[in-house]
Amino acid sequence: MLIRRRPRWHLPESAATPESVYFSRRQALGAGVGLAAGLAGLGALLTGTDPAGAQAAGDPAGDPTRDLYPAPRNPAFTLDHPVTPEDISANYNNFYEFGSDQMNYSVARIAAKMPRRPWVVKIDGLVEQPREVGIDDIIRAMKLEERLYRHRCVEAWSMAVPWTGFPLKDLVAYAKPLSGAKYVRFETFVNPKVAPGQNRFVYPWPYVDGVTMAEATNDLAFMVTGVYGKPAPNQFGAPLRLALPWKYGFKSVKSIVRISFVAERPVGLWEQVQGREYGFWANVNPAVPHPRWSQASERDIGTGERRPTVIYNGYAEEVAGLYKDLKGESLFM
Ligand SMILES: Nc1nc2c(c(=O)[nH]1)N[C@H]1C(S)=C(S)[C@@H](COP(=O)(O)O)O[C@H]1N2
Ligand SMILES: [Mo]
């Protein structure tokens, strides 16, 4: 979230895959040649012929849930601009546990070494029965679907991604919260041996953030397990992350190990670091500038185009009602 030396969309021309390639792959999958396409991908992985090497290393070829992909696309979620090519979105990630140098594929490369299993998620706080559940048990208890979502980082870049996962409200139901639960708090793993960024004590690890129960049970709030029709590569926040497309990206906690139902509003990592710039609500609004830059427009990391930012990142119809009775709150930072 600091100042970038070089904009992330400054990728060589050769690194950009035209959207048509992605879409024709989807059509091929739809036509029933998914197995062939999948095997071709695996071959590229094994022989190291994937042009984006860092992406191949992070590719979860051995993920125990890969039989669940690709999941059916939910047609309710559409885009008005193209999906960001995977080799761009997968190689420029905000994931401070793996460093703050998003360029040179370094976050993806370092994250690729993170062990994906065993992965246990603690569900605790104000729930009927606190418990620890293996990630595969959670994923297999849910119905996976694909959704095309816009993603808007507070740093004024954006992308559009085909996430696979399940609605957060299904996980809330699974967790059986008590009536005193007012917020859901999400926590990322801590393991400085795997995540060198966690040796930087300027950040109060673990990465934490949260939402209200009303936000958590809104249909848009999504738990991500996969992306681009397969289990998510580590740098996207495997094996479980949030996607809250109407909020700035820092609310979408990655690589979650703990989900707590609490009475008090959680204080996120960025709010702890710089509360005057990053607050609890963090809803996207072009009219409310970040203290150090405008939020009026955004740079699409796929096409390089600049386009106007839209209130609630284009999801006002779904979520504006959540905020109509809130007075005196900084809803947009
Ligand atoms: N644990 C953790 N989660 C995180 C972050 C992080 O540094 N650590 N960065 C956030 C920010 S600022 C953004 S924009 C998104 C980036 O997601 P992406 O890498 O899939 O684009 O992840 C969010 N979740
Ligand atoms: Mo971000």
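Reader: In this predicted model, which residues is G226 in contact with, leaving aside its neighbours within four places in sequence?
Author: G226 lies in strand β7, which covers residues 222–227. Because its relative accessibility is 0%, G226 counts as buried. Once the neighbours within four places in sequence are left aside, the contacts of G226 are Y69, P162, W163, T164, P231 and A232.

Reader: How far apart are the C-alpha atoms of G226 and G237?
Author: Along the chain, G226 and G237 are eleven residues apart.

Reader: Over how many bridges do β4 and β7 pair, and which residue stands opposite W163?
Author: Strand β4 consists of residues 157–167, and eleven of its eleven residues are buried. The pairing of β4 with β7 is antiparallel and runs over five bridges. Within this pairing, the residue of β7 that stands opposite W163 is V227.

Reader: In which sense do β3 and β4 pair, and what is the bridge partner of R150 in β4?
Author: Strand β3, residues 145–152, pairs with β4 in the antiparallel sense over eight bridges. Y149 of this pairing stands opposite V161 in β4. For R150, the bridge partner in β4 is A160.

Reader: Which residues point one way from β3, and which the other way?
Author: In a regular strand, side chains alternate between the two faces of the sheet. In β3, eight of its eight residues are buried, and this holds for the residues on either side. E145, R147, Y149 and H151 point one way, while those that point the other way are E146, L148, R150 and R152.

Reader: What is the phi of A156, and is this residue buried or exposed?
Author: Most residues other than glycine have a negative phi. A156, which is found in the loop between β3 and β4, belongs to the turn of a hairpin with four residues between the two strands. The phi of A156 is positive, at about 75°, although A156 is not a glycine. Because its relative accessibility is 9%, A156 counts as buried.

Reader: Where is Y228 found, and what is its phi?
Author: Y228 is found in the loop between β7 and β8, the latter being residues 230–231. Its relative accessible area is 1%, so Y228 is buried. Y228 is a residue other than glycine, and its phi is positive, near 50°.

Reader: In which sense do β4 and β11 pair, and which residue stands opposite W157?
Author: Strand β11 is formed by residues 297–300, and its pairing with β4 is parallel, over two bridges. The residue of β11 that stands opposite W157 is R299.

Reader: Which residues have the most contacts inside the largest nonpolar core?
Author: The largest nonpolar core has 86 residues. F261, one of those with the most contacts inside this core, touches residues that include I123, D124, V172, Y183 and M213, not counting residues up to four places away in sequence. The residues with the most contacts inside the core are W163, L168, F186 and F261.

Reader: Is D124 buried or exposed, and which residues is it in contact with?
Author: D124 has its place in strand β1, residues 120–125. Because its relative accessibility is 12%, D124 counts as buried. Leaving aside neighbours within four places in sequence, D124 is in contact with P130, R258, I259, S260 and F261.

Reader: What is the volume of the largest cavity, and which lining residues are the closest to its centre?
Author: The structure holds two cavities of 30 Å³ or more. The largest cavity has a volume of about 290 Å³. Of the 23 residues that line the largest cavity, the closest to its centre are N94, F95, G249, F250 and K254.

Reader: What is the mean pLDDT of the chain, and where is the pLDDT below 50?
Author: The mean pLDDT of the chain is 86, and 81% of its residues reach 70 or more. Where pLDDT is low, the predicted coordinates should not be read in detail. The stretch over which the pLDDT is below 50 is residues 2–58.

Definitions and conventions:
Residues numbered from 1 in each chain as written. Chains lettered and ligands numbered in written order. Predicted model: local features only at pLDDT ≥ 70, side-chain atom pairs only at ≥ 80, totals over all residues. Heavy atoms only, no water. Core = buried A, V, L, I, M, F, W, Y, C linked by side-chain atoms within 4.5 Å. Buried < 20%, exposed > 50% of the residue type's maximum accessible area, 1.4 Å probe, protein only. Contact = heavy atoms within 4.5 Å. pLDDT = per-residue confidence, 0-100. Pairing = 2+ DSSP bridges. 1 Å grid on protein atoms, 1.4 Å probe; cavity = no way out; pocket = protein on both sides within 12 Å on 5 of 7 lines; lining within 4 Å. Points joined across faces, edges and corners; volume = space filled by probe spheres on them.
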